[in-house]
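Me: Can you walk me through this one? I'll ask as we go.

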Amino acid sequence: MTALHLEFDVAGNNFVSAGSASDEVKKTLKMLGVDAQFVRKVAIAMYEGEINMVIHAGGGKAAVDIYPDKIVIVLADHGPGIPDIELAMRDGYSTAPDAIRDLGFGAGMGLPNMKKYTDSMDIQSTVGKGTTVTMTVNFAA
Amino acid sequence: MDKSLHTVTLDRDKCKGCIACMKRCPTEAIRVRNGKAKVYYDRCIGCGECVRMCPHQAKLPAYDPLESIYKYKYRIAVPAPSLFGQFNNLDDVDLVLNALLELGFDDVFEVARGAELISEETRNLMRDGKLKKPIISSACPAVLELIMMRYHSLLSHVIDLVSPADVALRLAREKAESEGVPPEDIGVFFISPCPAKVYALKTGMGLDKPAADGVLSIGELYFKLLPVMSQLKDKPLKKLSKTGILGVRWAASGGESLGIYQNRYLAADGMENINNVLKAMEDGTLNYIDFVELGACPSGCVGGVLNVENPFVARVRIRALRDKLPPVANKLTDEKKDRSFYHWEVTPEAQDVYRLDSDLSVAIEKMQRIEAIYKTLPHLDCGGCGAPSCRAFAEDVARGETTLDMCSRR
């Protein structure tokens, strides 16, 4: 069968609408009857990813494919790229500007949390071109 | 128990089939079918938003009439603290409680007393440190139902305590029994600010069996209390109140949180705000907060649709009672109850009211059909089709509950 495919534009530098794509995905997963523990993992991982695109990349696109056994989320942006992915993955490492930190974001837990709450995560990034993060959450304990 | 009889009903003659209630229903439980508002009760949380919004007074909140108390020989009134916010210049809550006796009750027992006990048990549980944070209050039954329907992953955060009203109702009954009143003669009646509590108390949410013998409306009693209170005004009053201000302040948003004696709490009221808080909790962004108090009604229980007074005015009056009451008057040690007395006997379970199909593959196919239908719609959310939004209409079509030709704007 074909997957349920959803696409969202994530607006840059707009904290008011940030999280609306992950909200829609949460709502869809609940209607599909996906178990609450997986909905929560997706919610946390996708929200963090969406916020990252807003803070660092001036927005981007989210493409989501839902299968009977898993969800695949692809977050693609045309932002500055990540020079050192290993460093960016460390707990607490952040390049968020002070203005963003003052809003309570930028604690350096975004990427680590995305990895923690997904079953696989792949980051492809080219400095100056952009970043594509692909996350998968399996619907099985 | 049939929800339609205990949340809201419709006066079909008054309903014009406009879309006011449907557009505001926070759980999308209302459709306009054949020119009349129809509630899908499996989705109704009893919040009363439709009662508040209806321009034709066609939405009737359900409650028991005052006459129903006479089925019992010994009648006890158990008023919610929001009742005290309804009266202008109330110096003494005993004036209200004495007036209740004049209306036909044999005794009174304030819900605020139950609230003070629940506050203390909440503090004990928080000190034990075994609860999943942020802890969500279980006090608002509309919020509890919303979580059961929409936020399954947060159910484990809800504190497993019964409502202050249930505590008060059961203690009131026990007091009468200990005074020698035959159990079958005793009727305990909660006086409610909202339809969600009417439903919760009548069905005994969280309990093996309901603690209330009936649930009355603050609004109905208000007009009967007023003349009696003016008669009693200059007469000596019986000392009946046994609550402190801590319990009474539960009537307004933030009042319950004051009772935990800690600072990292969040208190939100109004359906839109509480939905936003619950969404943020799902996203894991509120993990540094200890306690979350959520009330479906604007300003908290004083905003319930069975009240008479504007919630902001009622709130001022509740606050003004601070000078008239002791800080706290009820302690767990006074009641000598096992801790289990304050805890749920039945744990409220997740409800799958939005689920498209029990088979995930089939559900995905249905969702694809919904997406395909949605793309052909005008995205005006005009409500003309009888559904609150184009998306809800697409869902209804896919579920076979309506047909595409109901949309006149395609």
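Reply: One term to begin with: helices here are DSSP runs of H or I, at least four residues long, numbered from the N terminus. By that count, A:Lys26 and A:Asp23 both lie in helix H1 of chain A, three residues apart, about one turn of the helix. Note that this is a predicted model.

Me: What links the side chains of A:Lys26 and A:Asp23?

Reply: A salt bridge, with N to O at 3.3 Å. In general, side chains of opposite charge can pair when their charged atoms come close.

Me: Which residue of chain B forms a salt bridge with A:Lys26?

Reply: B:Glu282 does. The closest N and O atoms of that pair are 2.9 Å apart.

Me: How many salt bridges between chain A and chain B? And over all chains?

Reply: Four between chain A and chain B.

Me: Which elements of chain A supply the side that touches chain B?

Reply: Strand S1 (4-11), helix H1 (20-32) and helix H2 (36-56) of chain A each give at least two residues. The largest share comes from H1(A), with eight residues. By class, that side of chain A has 15 nonpolar, three polar and six charged residues.

Me: How much area do chain A and chain B bury between them?

Reply: About 2,200 Å², with 58% of it on carbon and sulfur atoms. On the chain A side, A:Met31, A:Leu32 and A:Arg40 lose the most area to chain B. Together they make up 32% of what that side buries.

Me: How many residues does the contact take from each chain?

Reply: 24 from chain A and 28 from chain B.

Me: Switching to folds. What's in chain A?

Reply: Five helices and five strands. From the N terminus on, the order is β-α-α-β-β-α-α-α-β-β. The C-alpha atoms fill a box of roughly 40 × 30 × 25 Å along the principal axes. Chain A has a radius of gyration of 14 Å, which agrees with the value near 14 Å for a compact globule of 141 residues.

Me: And chain B?

Reply: 15 helices and eleven strands. Its radius of gyration is 22 Å, close to the 22 Å that the globule rule gives for 410 residues, so chain B is as compact as a globular protein of that length. Its C-alpha box is roughly 70 × 50 × 40 Å along the principal axes.

Me: What order do the three strands of the open sheet in chain B take?

Reply: S7-S11-S10, with parallel pairing. Strand S7 (135-136) and strand S10 (265-269) of chain B stand at the edges; each has a single partner strand, so one side of each is left without a neighbour in the sheet.

Me: How many bridges join S10(B) to S11?

Reply: Five, joining S10(B) to strand S11 (residues 291-295) of chain B. B:Tyr265 stands opposite B:Phe291 in S11(B).

Me: Where is the cis peptide bond?

Reply: From B:Lys133 to B:Pro134, with omega near -5°. B:Pro134 is in the loop between helix H4 (111-128) and S7 of chain B.

Me: Which residue other than glycine has a positive phi?

Reply: B:Gln57 is one, with phi near 50°. B:Gln57 lies in the loop between helix H2 (49-53) and strand S4 (59-61) of chain B.

Definitions and conventions
Residues numbered from 1 in each chain as written. Chains lettered and ligands numbered in written order. Predicted model: local features only at pLDDT ≥ 70, side-chain atom pairs only at ≥ 80, totals over all residues. Heavy atoms only, no water. Pairing = 2+ DSSP bridges. Contact = heavy atoms within 4.5 Å. Buried area = accessible area lost by both parts, 1.4 Å probe. Nonpolar A, V, L, I, M, F, W, Y, C, P; charged D, E, K, R; others polar. Rg over C-alpha atoms; globule rule 2.2 N^0.38 Å.
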